[in-house]
Amino acid sequence: MFRNQYDTDVTTWSPAGRLFQVEYAMEAVKQGSAAIGLRSKTHVVLACVNKANSELSSHQKKIFKVDDHIGVAIAGLTADGRVLSRFMRSECINYNYTFESPLPVGRLVVQLADKAQVCTQRSWKRPYGVGLLVAGLDESGAHLYYNCPSGNYFEYQAFAIGSRSQAAKTYLERRFGNFNGSSREDLIKDALIATRETLQGEKLKSSICTVAVVGVGEPFHILDQDTVQQLIDAFEIVSEEEVPSAESQPPSEEDAGAGQAPPADQGAGADQGAVADQGAAPMDI
Amino acid sequence: MATVAESERTLYPYVTGSSVVALKYKDGILMAADMGGSYGSTLRYKSIERLKPVGKHTLLGASGEISDFQEILRYLDELILYDNMWDDGNSLGPKEVHSYLTRVMYNRRNKFNPLWNSLVLGGVKNGQKYLGMVNMIGINFEDNHVATGLGNHLARPILRDEWNENLTFEEGVKLLEKCMRVLLYRDRSAVNKIQISKITEEDCTVFPPFSLKTYWDFSAFKNPTAGAPGSW
């Protein structure tokens with residue numbers, strides 16, 4: 001209602017104690033295409049949906065390797081994301097040069113957050129319009145952080161940002177209890193399923209998503225398209241076979257976004273165990 | 001050439017410490033140095049502590065200019081302070097401190113204003129033992145046993161023969177004492193007041209000073225030049 005009066009610059013508070021420019025920046029994150037992160041004790045997986053302007057153009061790069069032990073997925077203004085990734089890379093490499101040792105993720109994330117905070121307290125700047133999911137490994141294990149345009153950061157077991165991320169979050173909320181002990185393969189599968197949740201019925205193909213992994217003994221790298229397609233096929237086969245039984249599922253299994261109880265419990269497509277639980281069929285609703 | 005005023009850069013050392021010797025043993029690192037600070041050829045100061053703990057995981061020993069060593073301790077103090085202020089479960093280990101010091105020493109050398117020291121850095125972190133050395137021109141390396149100054153010539157050969165991976169604390173101390181005794185006999189800037197310190201995963205201890213028993217009645221000491229060419 002009175003929003004418009006106090007939202008002209010970032011250094012003006014509203015009477016309710018809000019900085020609207022910062023909140024608008026967080027809206028920009030919600031408009032970007034989805035990015036998802038999950039972690040176990042030893043691995044962190046990042047996945048994102050590739051959005052291209054048109055069929056003719058290539059899609060925007062949303063996952064960046066920052067160092068062998070850190071990677072980041074972004075959502076929002078990708079140009080801002082690119083600039084922040086460059087900052088992160090340079091911090092990592094400078095630390096490595098001085099100390100011959102990898103920069104602990106927790107410290108990088110604080111530096112990033114401090115950088116974002118500066119933009120919320122200068123009249124000649126604007127907040128960064130990008131949310132970052134930072135995945136990394138350090139002495140104390142695997143970590144996943146979310147950095148906000150507001151300068152806040154939080155650590156997560158699993159999180160999703162960007163458009164239709166709520167669907168992915170709902171899926172993750174149901175399953176996150178198991179993530180800590182998950183194997184690398186199960187973690188990637190969960191990431192892909194969460195990605196599919198955000199697609200609202202569109203078929204999940206490796207051409208529209210990107211997956212990256214970092215883990216103990218495994219430097220951060222983006223999985224190549226063939227590997228991703230194979231992983232998708234592995235669990236899609238199972239779900240396709242179960243499509244007829246999907247409609248007999250009890251309504252409580254369905255969630256607001258898209259898709260149903262995941263077949264992930266059954267392993268990579270091999271087991272045909274509790275058949276009735278299968279079936280994240282494309283939306284019939 | 002020099003980026004500071006000519007009158008302000010280090011040209012030569014004034015008060016110097018002599019050798020430091022260190023070795024890895026079963027549980028961590030053992031380091032020894034005497035407590036002397038020489039002013040040229042005068043053995044002027046006899047209670048200088050040249051072995052200092054740094055943070056939780058590192059032990060630093062220095063030879064060379066004592067005032068530069070004190071400056072280095074100030075740098076490291078600040079480094080460790082900022083590291084602790086993160087308060088996040090991460091901490092700088094001996095390898096990181098060694099790299100940091102290498103950068104500092106090398107950068108000063110490039111500006112023709114060196115910190116006139118040879119430093120020995122040892123420590124244990126997460127079960128990994130680390131022992132390294134860095135000197136005033138930025139030369140740095142890691143090894144199972146290191147020494148500075150004359151120790152390189154007198155102590156290292158002994159260590160090469162007698163060091164092994166599984167030394168107990170007592171064996172390590174005995175070996176260090178052997179090295180320090182040779183240095184005491186042969187290095188004119190050594191004083192007979194030795195400090196040994198150890199660092200393990202759990203803690204770091206700098207032991208109180210002690211002196212080595214010496215024997216000066218060897219017949220070879222009595223007439224050292226007898227038979228040497230050109231002597232009488």
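How many salt bridges are counted between chain A and chain B? The count is four. A salt bridge here is a side-chain nitrogen of Lys or Arg within 4 Å of a carboxyl oxygen of Asp or Glu.

## About the model

This is a predicted model: local features need pLDDT of at least 70, side-chain atom pairs count only at pLDDT 80 or more, and totals for chains, interfaces and linings use all residues. Residues are numbered from 1 along each chain as its sequence is written, chains are lettered from A and ligands numbered from 1 in the order in which they are written, and side-chain values use heavy atoms, with hydrogens and water left out.

## Where the chains meet

Chain A brings 13 residues to the contact, and chain B brings 15 residues. Contact means heavy atoms within 4.5 Å. The area buried between the two chains is about 1300 Å², and carbon and sulfur atoms give 48% of that. Buried area is the accessible area (1.4 Å probe) that two parts lose on being put together, summed over both. In chain A, the most area is lost by Phe99(A), Arg107(A) and Glu139(A), together 51% of what that side buries.

## Charged pairs across the contact

Arg107(A) also forms a salt bridge with Asp83(B), at 2.7 Å from N to O. Another salt bridge joins Lys95(B) and Glu100(A), with the closest N and O atoms 3.9 Å apart. This pair crosses between chains: Lys95(B) sits in helix H2 (residues 94–110) of chain B, and Glu100(A) sits in the loop between H2 and H3 of chain A. Over all chains, the structure holds 19 salt bridges.

## A sheet in chain B

Chain B has an open sheet of five strands, in the order E11-E2-E3-E12-E13, with antiparallel pairing. Strands E11 (145–147) and E13 (204–206) of chain B stand at the edges with a single partner strand each, so one side of each has no neighbour in the sheet. Neighbouring strands are turned by 10° against each other on average, direction ignored. Helices (H or I, at least four residues) and strands (E, at least two) are DSSP runs, numbered from the N terminus. Two strands pair if DSSP finds at least two bridges between them.

Strand E12 (residues 194–200) of chain B pairs with E13(B) over three bridges, in the antiparallel sense. Ser197(B) stands opposite Val206(B) in E13(B). Helix H3 (residues 151–162) of chain B lies across strands E2 (20–25) and E11 of chain B, at about 165° to E11(B). Axes are lines fitted to C-alpha atoms, for helices over the stretch in contact, and angles run from 0 to 180 degrees between N-to-C directions.
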